Structures are given as C-alpha cells and as structure tokens.
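I opened my notebook to look up a few side-chain pairs and strands. The entries follow in the order I made them.

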Amino acid sequence: MGNKPSFGETDLPCLQPRQFPMLLWLLLLLILAPGRDQSGVTPKAFLLLNPPWSTNFHKDKVTLTCSDSLSPAQGDIYWYYNENLLNKKSEEIQIDKTGYYKCKTRRSSLSDPIHVDFSFDKLILQAPHPVFEGDDVVLRCQAREKAKEISLYRNKTLIQSDFTLKSVSRNNDTYHCTALIQGLFWTWKKEISKHLMIQVQELFSPPMLIASPSSPIEGSPVTLKCETWLPPQRSHIQLQFCFFRGDKALQKCWSSSPELKLPTVWSEDAESYWCQAESVTPSIRKRSLRSQLYVQRIPVSDVTLEIQPPEGQLIEGENLLLICSVAKGTGTVTFSWHREGTVRSLGTKTQRSLSAVLQILTVKESDAGRYYCAADNIHGPILSKLIRVTLRIPVSRPVVTLKSPRMQAMVGDVVQLHCESQRGSPPILYRFYHENVTLGSSSVPSGRAVFKFSLTAEHSGNYSCEADNSLGVQRSDRVILSVTVPVSHPVFTFSPAGPQAVAGDVLELHCEAPKGSPPILYWFYYKNVTLGSREAPFGGGASFNLTLMAEHSGNFSCGADNGLGVQHSKMVILSIIGPPSNKTTLITEGVTAGLLSILGLAATTALVHYFRTQRNSERLSTTRTPSYSPREFKESSRTSNTNPPEPPDPVEPQPVYNNVNPGDSDLVYSQIWSVQHTKENSANSPRKHWEDKEPTVIYSDLKKAYSDDSTGQASIGDSDLEDAVENYENVPCILSALDR
C-alpha cells in the first residue's frame, strides 16, 4: 500500500473538451430523474465522515459515505473533488487530501460541499461533521506529541476550557487552540493551531409558500402550504408553522400542520401572504418570501328591484322596503337606490352578497313616485326597472279637550268632550273613553266630534278619544278630570260606646263623613259649643279625646266641611255619673281641708283689713270712683276671635270672690267675677282641650283709689301705692256666705 499513489493523485480525472457535452447531458438526466418529493424539489444527498472530524493530521485516512433520504443509495454514485467529477461510483470512498468534497445519487441532487483538511501542523483543532443549526458542538484540540495547558479561543478571545459550544449558528466565527507541546530534551513549546470555521449546515431550508389554486375565483376556498424539509440526519425534529396575510396572522400561532385552508377568498384578500416554520427543539425559526395572491371577480348581472308592501300600496306613516338583487356577481357589490326625478341617491350599501335592503321609515305623501336601484362590483353599475309607489293617508293622532262651566267641576255640571284629528282621509269615526270604558262614538266627514254628559261623583278620572278611518286607529293623550264632591252628613260616635260614662274617664269622639272630597275639617260640639277640630287631609274620619267631668252630661255632635258647605251629624246624648267611691272619698277629704284653710285665712284677712281701713280712711278722696258691673267689664275686655261653625250660646258668669269688707264705700269693685270652663269659653279656642276643673280668675289684684283735692282726679302717691295694693286680697266666694 505504501507504494500505491495517493487518492488525490490517482483519482482526479483529466477532462478533455469533448467530454463537456456528455457531462451536461448527464446533469440534465439527473435533474429530470425520478425521486423528487411532492413539492417538485429533488432532495439533496448528504456526506458522512468516519472519523467525523473535518480536520485531520497528514497521512490520516477518512472514509466518506454518500447517502440520500432513501438510504441505502441505489445506482451509481457521483463524487466531486473541488468541483471535479471523480472516477468513483461506490457509496464510500477513502480520502487523504485537503479539499472540498460533494456527491449525488440518482434519486437526489448534489449534496452540500464539505471541506476536509489534512494538516502538517503539530497542533490542530477538530470539529465534527455534520453540524446543524442549534446543535451543541464539542471541539477537540489534538497534538502530535504530548501536550498540556490546552486553551480554546473564539475570534482570538479565550472562551472556555471544556471545548463545548452550545446551540451553534451559521456565522463567521473562527476558533483556534493553544497548548504547550513537549519537544527535544523534555522542553515545552507553545503551539497555536490554525483557525477553524465550523461548517454549520441548515437544519431546514427557508420555507416556500404555495397557494392552491394559485388564482382562485371570489368566494371559493384556497389552501396555503408552507413547504420546507429536514435533512435525513435530523428527520426526528418536529416543526411548527404560522401563516400571515400582510402583517397579520391568519390563525393562532403555532400549528403542527404545514397547511392552512381558507374557506373563501375575496378580491380584497388579494394581498401578500407568507409563512414561518420553527423547530421545537432546538428553536430555529425561518420565514418564506412574500407571495401575491390574485383573486378573480365575476361582474354583476340581472339587477331587479322589489318593494314591500307588494304592489306599492302604502299607508302614510308605514315603512317602505326597497330590495335590490343581482342574479350573478362575486365579491363586494355596491347597491344604490334612487327615486325618479332626484339627483342624489336615497342610500347606498356595500356588502358581500347578492342582495341588499333599504328601509325608508315613516313614508310621507311626498315619497310617492317611481323607484329603481343599481348594482356595481367595480365593472360598472347595472340598473333595474322602474317601480311605482302610491300612498294613502291615515288619521293623525287626535286631540281631546274638556270644557266645563267652571274652573272646578262639581257634581251636576254638564261638560263637553271634544275630539279632533288634524289629518286623515274621511270619514272619521271618533270614540270617547273614560278609564278605557267607552262613553259613546260619533262619525263626522270632517272637523271635530263633541260628546256631552252630566257629572256624577264617579266621573273623576282619565278621559281620551280615538280616531279611525279604516287606515289605522289613533288614540289621543289622556286628560284628567277631577269632580269635587261635597261632604255628606257625618256620622258621630264615641268610644267606649254607651249612653253613660264616668267622670274622669277619657272619651274618644269620632266623626266621619261617608262622602266628600278631601281634605275634610271636622268640628266637635257639646251643647252647640265647640270642643275642638281635627283635619283629615286624605279623607276618612277624625277623632277627638275628651276628659269627662260631671258637667259634661248632655248632647254631643260633630260637623264636616271641605269648602263646599258644612254638614252636621245627629246629636248623641251622653249621661255622666259620679266617680267611683275611692275617688269620692279623696275629693271629700280634699274639700274639707280646703274649707278649714279658707276659714283661717278669712279670719286673718278680716282683721288686717279692718286696721288698714281705719288708718287710710282719712286719706280717701271725697270724690267716688265710678264702678263697673262685672258683666260690663267682661264685655269691655272681651277679645275678638274667629268663630267656628255653629257658635255656642253665651253662659252667664258666676261670682267667685266678694269684698272682704262690703261696707267700705271706697272700694273700686264690689265683687270679683270669673267664668267657668264651659263650652261657651271653649268656643273661642276650638282646638284647646277642656281639662282644668278650677274656675279662672279674671281679676286677682284690687286697688283702692283716692281723690285728689286739688284736681278732682284719682291719684296715689308712691309711698301709698304699696299700701293700696295690699288693702285687698282674693277671698273665695264662700267667705261672703260665712260673713252673712
């Protein structure tokens, strides 16, 4: 073997000029040979090295193997060294010369070239083959002799000591290593390897987007395919895909399928499409070139217009539907509607369909005429035939009014209901309603209808009317009528019920008028004397509480008033009996103690009064002060109050106090009067309860007047005024009886 010529020296052919046509013919046969994949692209062959290093020492041997995706390879194998065809046909060859090698089989295209180096250096850096994008690569620094302190550099920069490169990519990075190599006499010399560029192959080729069909008709489906391939050495790698139109994804990225089906495409979808392919592990992503998709469009034809309601018979106020249709046409169609004699269109719609609808809301009399439509999908508008639309006018919404003889309608008044519709084809039938119950109807050829009726209490509420001319019924708004009802005679009751009651009890008086519009004011009477009043703002009855005394025996009644007149109840007789025994005992003891106290006070007062009278008698004026009777004084001091309904009869005042010394001729008043708390007094204060049982004193301070000798007028000095005030005291009336 040592005498045999080397592979590079003996196997390199010497090509003659006449051989070139034969080589071209052979290349053409290889390209057209069977074995291509479904995309029409013949897969590449690939080379394997054993050992797998692309850099070796001089005189090392390397075995090259040519394979394809259908390994083992079949037929002749074609080998190339530095672009020259070698005279070798076997699947494997052995090499020892530096250069570029590639091969092909009958079922594949040329492989990617590989550079194999056989170096004379003492130190070399080795990289395996094949290396694909994303691979982890382990480099090896080899020396012919013993070496130490080995280091790895990338682009002249020390990177690591374990010589492992993670996820390599196709770039221009260069690597080299350094080491101390043992020489003669056990000396160590630093050596540097040649720079190495790792031959990184594509994990998969950039994808190519293919559309099928390539020129679809609008509305038809299209299938997009993102086509690429993995080398046989990496066929286990999983790829995923994503499709784009313009810059927008057509689906959720990513999908394991290299195909995407579009159900329909339109002319506006005629844009640039592209796809991306990505390996799951390692993550390598590549994209295709953009491809323009061309979509064919069919022009519109046979345009027709249809209206609803059919035959163009419309009632004013209804909606008119204009339906424009085409028999043929694809893509986006622009529909427009027109009325004869007008320049501007009534409306336009652009949509992807063969028909469109225009609605004219609430048609008027001016909307009558002839209509047509047009359709266009960029090939020019096509017009429909003319269709006539006629119009009928229904009644308008009527107006109802109420006419009453006075501002506030009352029971018995005669009122008029007027109903009128401003527009509508005659004749018009009017109907009148009270709370949706028919009152009557009237048919008139034009103008308004009138309905009259007499009011009762039940006529309060809502009133409306309807107008109907067989083209539609219209109802008016409601008007409200309030009928004021006078109060009826009230019913008077008391609780607890019964003809008798006990003095000291609280009696509840109740008055209620069965009929009458609120608010109602109720008055309560005892013997025609007002006890008080209560108001019922929302109708119903009212109550009044009264603490009974023995004097309350007699007739009770009540009155009701809502501003339309007062109505009185029937009188109810109530008898008051004395209090229970325990109450009588307490009252008797209290009266006895009071009488004893009054006797002692009367005696003391008489003595004091006697001595003071004697002392002041000389100072009295000979001119007598005129006196007034108690009745006259009461009448002069009475205040003016507003009287309630049915004012009570007056009650005579009763004497309560008398002069201590009636014989004294200098007294201003000879008797003090007061008025008992009777119904007569309560009449001036209708809302005050009658609760006090003691008499009310009208005058409690008595003064004595003196005559002025010089002027003849009554005067009192400052020093004597105090004495004059103290001359008299209030003494109960019972003292006068004792004096007599």
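Which side chain meets Asp68 in a salt bridge? I noted first that the model is predicted. I then found that the partner of Asp68 is Arg107, with 3.4 Å from N to O. Asp68 lies in the loop between strands S3 (62-67) and S4 (78-81), and Arg107 in the loop between S7 and S8, so the pair ties together parts that are 39 residues apart in sequence. I looked up their cover as well: both Asp68 and Arg107 are buried.

Entry on other salt bridges. I read a total of 22 salt bridges in the structure. One of them joins Lys44 to Asp112, whose closest N and O atoms are 2.9 Å apart. Lys44 sits in the loop between helix H2 (19-32) and strand S1 (46-50), while Asp112 sits in the loop between strand S7 (99-104) and strand S8 (114-119), so this pair ties together parts 68 residues apart in sequence. Lys44 has a relative accessible area of 32%, so I wrote it down as partly exposed. Asp112 is also partly exposed, because its relative accessibility is 35%.

I also looked up Arg475, which forms a salt bridge with Glu466 at 3.2 Å, N to O. Arg475 counts as partly exposed because its relative accessibility is 28%.

Entry on Glu191. Does this residue count as buried or exposed? Glu191 is buried, yet I found no salt bridge for it. The nearest side chain of opposite charge is Lys189, 4.1 Å away, and the cut-off for a salt bridge is 4 Å. Glu191 belongs to strand S17 (residues 188-192). Beyond its neighbours within four places in sequence, its contacts include Lys122, Cys177 and Ile181.

Trp186 lies in the loop between strand S16 (175-182) and S17. Its relative accessibility is 70%, so I marked Trp186 as exposed. Together with Leu184 and Phe185, Trp186 makes a nonpolar surface patch of about 510 Å².

Entry on a hairpin. Strands S47 (residues 520-526) and S48 run antiparallel and are joined by 7 bridges. They form a hairpin with 2 residues between them, and Lys527 in the turn has a positive phi of about 50 degrees. I found Trp523 opposite Ser533 in S48. Strand S48 (residues 529-536) is mostly covered, with 6 of its 8 residues buried.

Methods: Residues are numbered from 1 along each chain as its sequence is written. This is a predicted model: local features need pLDDT of at least 70, side-chain atom pairs count only at pLDDT 80 or more; totals for chains, interfaces and linings use all residues. Side-chain values use heavy atoms; hydrogens and water are left out. Helices (H or I, at least four residues) and strands (E, at least two) are DSSP runs, numbered from the N terminus. Buried means under 20% relative accessible area, exposed over 50%, partly exposed in between (1.4 Å probe, protein chains only). Lys and Arg count as positive and Asp and Glu as negative; His and the chain ends are not counted. Contact means heavy atoms within 4.5 Å. Two strands pair if DSSP finds at least two bridges between them. Patches are made of residues with over 30% relative accessible area and no salt bridge: like charges are joined within 9 Å, nonpolar side chains (Val, Leu, Ile, Met, Phe, Trp, Tyr) within 5 Å. Accessible areas come from the Shrake-Rupley method with a 1.4 Å probe; for residues, only the protein chains shown count as cover.
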